[in-house]
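Subject: Structure handover

Hello,

Please find the structure below, handed over for your use. The notes after it say what was found.

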Amino acid sequence: MTKAKRTIVVTGGSRGIGRAISLEFADSDICVYFNYLSNKAEADKTITLIKKAGGCGYAFKADISVFDEVKTFFDKIFQHTEKIDILVNNAGISKNGLIPLLKESDWDKTINTNLKGIFLCTKIAAKKMIRQKYGRIINISSVVGFTGSAGQAGYSASKAGIIAFTKSAAQELASRNITVNAVAPGFINTDMTRALTEKVKKKIVAKIPLEKIGEDRNVADAVKFLSSEQASYITGQVIHVNGGMYM
Ligand code: NAP
């Protein structure tokens, strides 16, 4: 069993926003457990960075869209620790295409990863949190879950679904001292957005009042706040981290 006083589980901690969240909690007081889909080298890098910052971290390979893999992921965590204080449902993918051209398999993959994955991880973590009578669950949505986005129907639908899931879970779990909130990032500098051309990026920045792309740590800061005691009376809410892109 780990000696850390608290435990956080982050999905998709190998890269981008999930890595920034994992590093935000690199502290001797808390142990970070995260999963990744396939990128072991990047997962190892996150662990190295957590340890360098004085924290405790473990990485496990698990596809969040597959129940058996999610169960095995949590079983491994429960071999180390008896509780989960914080769950951050961060892992997500974006498979884009205009609706007439969007493949059914890409739609399914997007919904199964972004939406079903959050249900599966919450299903297991919430059971533990209910017994503890304490928990913080934070789901990563997106600005396009509010605005929609041409060419991103599946992705946007999954991110809008996360908001309804968050509010439902918040209502179910409030009596057990478990809060459930969402963070909706705008345009953040990660692998997911780096692939866009400079022309497209310029167009997006032109729509952002703060006139710049966000950084992964901006999202991690909002997650840290929602997991803190200062946020103990906040549940079923969304924090928009988007430079004013959507108000
Ligand atoms: P990213 O850099 O592409 O990283 C995605 C992470 O999710 C990786 O750790 C990846 O693991 C993991 N992952 C993907 N599919 C998985 C699966 N089926 N099972 C387990 N892990 C899986 O993405 P990001 O930009 O950091 O985005 C993180 C979250 O923020 C996503 O939910 C995304 O939709 C949301 N978001 C991002 C932006 C943005 O501008 N970047 C804006 C709004 C919302 P591997 O490394 O093994 O592939």
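An oxygen atom of the ligand sits 2.5 Å from an N or O atom in the side chain of Thr190. Taken alone, the ligand exposes 900 Å², and the protein buries 96% of that. Please keep in mind throughout that this is a predicted model.

The ligand and its surroundings

The side chain of Arg15 has an N or O atom 2.8 Å from an oxygen atom of the ligand. With Ile64 the backbone is involved: one of its N or O atoms lies 3.0 Å from a nitrogen atom of the ligand.

There are 32 residues around the ligand, and those that come nearest are Ser14, Ser38, Asn90, Tyr155 and Thr190. By type, the shell divides into 13 nonpolar, 15 polar and four charged residues. Four elements each supply at least two residues of this shell: α1 (16–24), β2 (30–36), α6 (153–173) and α7 (191–194). The largest share, three residues, comes from α7.

Ser14, one of the nearest residues, is placed in the loop between β1 (6–10) and α1. Is Ser14 buried or exposed? Its relative accessible area is 7%, and because buried means under 20%, Ser14 counts as buried. Leaving aside neighbours within four places in sequence, Ser14 is in contact with Arg19, Phe34, Asn35, Tyr36, Asn39, Glu42, Ala43 and Thr46.

Salt bridges

The count of salt bridges comes to 10. Three of the pairs are described here.

Within helix α7, which also gives the largest share of the ligand shell, the side chains of Arg194 and Asp191 meet in a salt bridge with an N to O distance of 2.6 Å. The two residues are three apart in that helix, about one turn. Arg194 is partly exposed, at a relative accessible area of 44%, and Asp191 is also partly exposed, at 38%. Elsewhere, salt bridges that share partners join Lys5, Arg6 and Asp29 into one network.

What separates Asp44 and Lys40 along helix α2? They are four residues apart in this helix (residues 40–52), so about one helical turn lies between them. Asp44 is partly exposed at 35% relative accessibility, and Lys40 is partly exposed at 47%.

Arg136 is buried, with a relative accessible area of 1%. Glu229 is exposed, with a relative accessible area of 52%.

Around Tyr134

Glu229 has another side-chain partner: the side chain of Tyr134 makes a polar contact with the side chain of Glu229 at 3.4 Å. Tyr134 is in the loop between α4 (104–132) and β5. Not counting residues up to four places away in sequence, Tyr134 touches Ile84, Asp85, Met129, Arg176, Asn177, Ile178, Ser227 and Glu229. Between Tyr134 and Ser175 there are 41 residues in sequence, and the C-alpha to C-alpha distance is 9.8 Å.

Backbone angles to check

Asn177, one of the residues that Tyr134 touches, has a positive phi of about 65 degrees although it is not a glycine. The place of Asn177 is in the loop between α6 and β6 (178–185). At 41% relative accessibility, Asn177 counts as partly exposed.

Which other residue is listed with a positive phi, near 55 degrees? That residue is Glu211, which is not a glycine either. Glu211 lies in the loop between α8 (198–205) and α9. Its relative accessibility is 64%, and because exposed means over 50%, Glu211 counts as exposed.

Regards

Terms used
Residues are numbered from 1 along each chain as its sequence is written. This is a predicted model: local features need pLDDT of at least 70, side-chain atom pairs count only at pLDDT 80 or more; totals for chains, interfaces and linings use all residues. Side-chain values use heavy atoms; hydrogens and water are left out. A residue is near a molecule or strand if one of its heavy atoms lies within 4 Å of it. A polar contact is a pair of N or O atoms within 3.5 Å; within protein, one must be able to donate a hydrogen and the other to accept it, and residues adjacent in sequence count only if both atoms are side-chain atoms. Accessible areas come from the Shrake-Rupley method with a 1.4 Å probe; for residues, only the protein chains shown count as cover. Ala, Val, Leu, Ile, Met, Phe, Trp, Tyr, Cys and Pro count as nonpolar, Asp, Glu, Lys and Arg as charged, and the others, Gly among them, as polar. A salt bridge is a side-chain nitrogen of Lys or Arg within 4 Å of a carboxyl oxygen of Asp or Glu. Buried means under 20% relative accessible area, exposed over 50%, partly exposed in between (1.4 Å probe, protein chains only). Contact means heavy atoms within 4.5 Å.
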